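Subject: Handover of a structural model

Dear colleague,

Please find below the structure that I am handing over to you. My notes on it follow.

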Amino acid sequence: MKGQVSLRGKDILGLRTFSTEEIRRVLDTAKEMKAIVGRDIKKVPTLRGKSVVNLFFEPSTRTRTSFELAGKYLGADVVNITTSSSSVVKGESLRDTLLTVEAMGVDVIVMRHAAEGAAVYASKIAKPVIINAGDGAHEHPSQGLLDMFTIEERKGSLEGLKVAIIGDILHSRVARSDIWGLTKMGATVHVAGPKTLIPPGIEEMGAVVHERIEDALDEADVVNVLRIQLERQKKGLFPSPREYARIFGINRARLSLAKEDAVLLHPGPMNRGLEISPEVAYDTQSAIQEQVKNGLAVRMALLFLVLTGGKHVEDNH
């Protein structure tokens, strides 16, 4: 462990503020954690006596469950708080909710919130380590890290890869974390989608913007298909779901524009038949289910690193 960067006590707010060394530390640690996930008995005592609160103001299946299991597999006490079952429904403010949770002596607050910047705000209000599990359309750092981990597992390296991100870039916190993280690790990120779903200034983050989806997919090593957020369709950002599927949906013909061994990703949940066809979602190129397993390993790595600094993992499994 000597000479390695430490994340102990670090708030995980976004990959924009992560160094390449910090990203590498998480990815390397996640490899060790994945070995624990693959064992018959998954519990290790690494975080015994530590407490984690999952504070979710928006719905989630994969992220919340994997953070919960990550904490439990490492021996921590984990409590889930959702908006519908908390005092938020009685009018309690975010500040008061954070201070209430802090007063209970917790070590980490994993927080998802609809407002951009909510995690940064939380880090200034509360003393526990804050892990951003998604704040509006801003960032989703653990998803970005698990995407990188999955790509590296399949490809061996991130350096020099062409990664195509297709779909609703405008509302996607996943796209932003992926762009920040992947470009720092030496990949080039190409984005495509309806013009109304491409945010202005995305090039300044390091992404290459294409008007034609075919150009983004051409010879791509990785194709990351974003969920079309149907709840926003009422705003008329594209003509109809059928039209979107026809022009931008990833099917076998479109995927064939990428390299023959291209890796297919999707952050979930999938709108099958809309942004992605079932025939490719479950094909051999798809790493979508592996992303779920890797998400657990990455979140175990994050909890382990922020709470221990990365000491003695070898001694506990």
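**The surroundings of D135**

The side chain of D135 comes within 3.1 Å of the backbone nitrogen of E139. This is a polar contact, meaning a pair of N or O atoms within 3.5 Å, where within protein one must be able to donate a hydrogen and the other to accept it, and where residues adjacent in sequence count only if both atoms are side-chain atoms. A second polar contact, at 2.8 Å, joins the side chain of D135 to that of H138.

The model is predicted, so local features need pLDDT of at least 70 and side-chain atom pairs count only at pLDDT 80 or more, while totals for chains, interfaces and linings use all residues. Residues are numbered from 1 along each chain as its sequence is written, and side-chain values use heavy atoms, with hydrogens and water left out.

D135 itself belongs to strand β4; helices (H or I, at least four residues) and strands (E, at least two) are DSSP runs, numbered from the N terminus. D135 is buried but has no salt bridge, and R173, the nearest side chain of opposite charge, is 6.2 Å away. Here buried means under 20% relative accessible area, exposed over 50%, and partly exposed in between (1.4 Å probe, protein chains only). A salt bridge is a side-chain nitrogen of Lys or Arg within 4 Å of a carboxyl oxygen of Asp or Glu. For charge, Lys and Arg count as positive and Asp and Glu as negative, whereas His and the chain ends are not counted. Beyond neighbours within four places in sequence, D135 is in contact (heavy atoms within 4.5 Å) with H113, A115, E116, G117, A118, A119 and R173.

**Salt bridges**

R173 counts as buried at 13% relative accessibility, and E58 as partly exposed at 23%.

The model holds 16 salt bridges in total. Another of them joins K34 and E153, whose closest N and O atoms are 2.8 Å apart. Because K34 is in helix α1 (residues 20–37) and E153 in helix α5 (residues 141–155), the bridge ties together parts 119 residues apart in sequence. K34 is buried, at 15% relative accessibility, and E153 is partly exposed, at 41%.

D261 and K155 also form a salt bridge (3.2 Å, N to O). D261 lies in the loop between α9 (252–255) and β9 (263–265) and K155 in helix α5, so parts that are 106 residues apart in sequence are tied together. D261 is partly exposed, with a relative accessible area of 48%, and K155 is partly exposed at 23%.

**Helix α2**

The buried residues of α2 are T63, S66, F67, E68, A70, G71 and Y73. They pack against β1, β2 (77–82), β3 (108–113), β4 (129–135), α5 and α11 (288–308). After α2 comes G75, whose phi is positive, near 90°.

**Nonpolar cores**

A nonpolar core is a set of buried Ala, Val, Leu, Ile, Met, Phe, Trp, Tyr and Cys residues joined through side-chain atoms within 4.5 Å. The largest one has 65 residues, of which V26, V108, I131, M148, I165 and M300 touch the most other members. Its largest share, 11 residues, comes from α11. Apart from this core lies another of 25 residues, including L217, V223, F248 and L255.

**Two buried positions**

L158 is in the loop between α5 and β5 (162–166) and is buried, at 2% relative accessibility. Leaving aside neighbours within four places in sequence, its contacts include L27, M148, I151 and E152.

A192, in strand β6 (residues 188–192), is buried with a relative accessible area of 0%. The C-alpha atoms of A192 and F248 are separated by 8.5 Å, although the two residues are 56 residues apart along the chain.

With kind regards
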